[in-house]
Amino acid sequence: MAIKRIGVLTGGGDAPGLNPAIRSVVLKAAERGIATVGIYDGWQGLLGESPEVWELDEVTVQSWERDGGTHIGSSRTNPFSSKAGAQKVDRSDEVLANLRRLGIDALVAIGGEDTLGVAARLAKKGAPVVGLPKTIDKDLGSTEYTLGFDTSMRVCAEIIERSATPAGSHHWVQVVEVMGRHAGHLALWSGLAGGAFMTLIPEHPFDIERVVRLLDERLARGSRDRRFPRYAVVVIAEGASPAGRREVTVDGKKDEFGHMRLGGIGAWLADEIRQRTPWDARAVALGHPQRGGSPSAIDRLMGYLFGVAGVEAVERGEWGKMVSARGIAPACDFSLVALDEAVKGLNLVDVKRHYDVDHYCAARQVFGGA
Ligand code: F6P
């Protein structure tokens with residue numbers, strides 16, 4: 001069947017790189033004589049009696065490669081388990097009916113494990129859908145890159161580095177909490193790039209006694225001998241937790257995918273440091289600005305390339321597949337993987353290879369050190 005109209009949606013947390021990817025889908029589709037419509041607010045936009053769409057053309061999206069967030073909106077709606085009062089109902093048939101009603105021949109879903117998990121299930125029900133990977137956490141399986149990671153890592157690294165100067169001037173421990181529900185990629189690599197002393201990640205529950213001892217030793221040495229630092233920056237992923245304890249949540253409530261909102265572990269850690277050592281400790285949680293602002297050059301290029309590969313997959317009718325990247329632009333290759341494979345297992349930090357479990361930081365062999 002000739003494809004005449006593509007729908008594109010973005011789901012889950014927003015990320016820099018979404019608008020470049022949407023723009024690329026629109027431009028590539030237009031080049032092939034295919035129209036593109038934007039579906040508002042992720043899967044939410046395909047529920048209800050008369051969903052609205054945004055007809056996207058080359059003029060509308062002309063400068064979207066520079067824009068952060070997503071101009072078509074996003075949500076954490078799960079059509080397979082959608083809230084209806086106190087009940088959860090399966091509304092996936094509504095999505096299929098709306099795709100037909102809107103004359104959409106193919107759908108490009110851009111998202112992480114949740115959004116693409118829905119896409120995988122819809123594909124099994126016959127939906128003509130392909131996926132593009134996005135998440136600042138970089139925890140999606142079967143791809144080496146997910147849109148948003150590079151920009152967020154740069155933002156986090158910059159703030160981590162900036163945190164070092166007040167901490168150095170005032171001789172305190174600065175705890176910086178970054179996102180990362182299951183995976184510590186963002187924390188570990190921005191921590192290394194930004195010069196953090198220690199990084200705590202969800203993949204390796206930490207021993208609070210050891211954390212405190214390492215910090216105390218560092219600041220005590222700096223007090224005895226001024227040639228050494230008398231401060232420390234500790235990066236902690238929101239999903240990290242001390243051994244034997246659960247993650248810290250904001251309110252204990254779950255979203256439609258069963259995830260709790262995480263946050264607060266940084267403040268908890270700073271409190272522990274203050275209580276257990278003679279040193280002052282401050283905490284900052286970077287929150288949503290870490291995924292805000294305009295996309296880095298890498299996320300613009302990756303958005304462009306993912307979009308092109310997505311439209312090519314649509315033209316070949318590769319339903320139920322996700323575009324997977326090997327490497328990062330400009331040196332990268334793309335292939336297609338089954339969506340249900342991609343969402344089966346998370347991509348976590350390889351602790352054995354990349355994490356020093358004695359010092360809670362990136363392993364020295366990361367850069368070929370002894
Ligand atoms: O999935 C990406 C992510 O940024 C996670 O790191 C974080 O737990 C979550 O989104 C935050 O969710 P929300 O945008 O709903 O606050």
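In the predicted model described here, 22 residues of domain 1 are in contact (heavy atoms within 4.5 Å) with 18 residues of domain 2. The domain assignment, an automatic or database one, places residues 5-147 and 295-342 of the protein chain in domain 1 and residues 150-291 in domain 2. The centres of the two domains, taken over C-alpha atoms, lie 33 Å apart.

Between them, domain 1 and domain 2 bury about 1800 Å², with 51% of this area on carbon and sulfur atoms; buried area is the accessible area (1.4 Å probe) that two parts lose on being put together, summed over both. On the side of domain 1, the greatest losses of area to domain 2 fall on Arg-76, Ile-136 and Asp-137, which together account for 31% of what that side buries.

One salt bridge (a side-chain nitrogen of Lys or Arg within 4 Å of a carboxyl oxygen of Asp or Glu) is counted between the domains. A salt bridge joins the side chains of Arg-291 and Asp-14, at 2.8 Å from N to O.

Residues are numbered from 1 along each chain as its sequence is written, and side-chain values use heavy atoms, with hydrogens and water left out. Local features require pLDDT of at least 70 and side-chain atom pairs count only at pLDDT 80 or more, whereas totals for chains, interfaces and linings use all residues.
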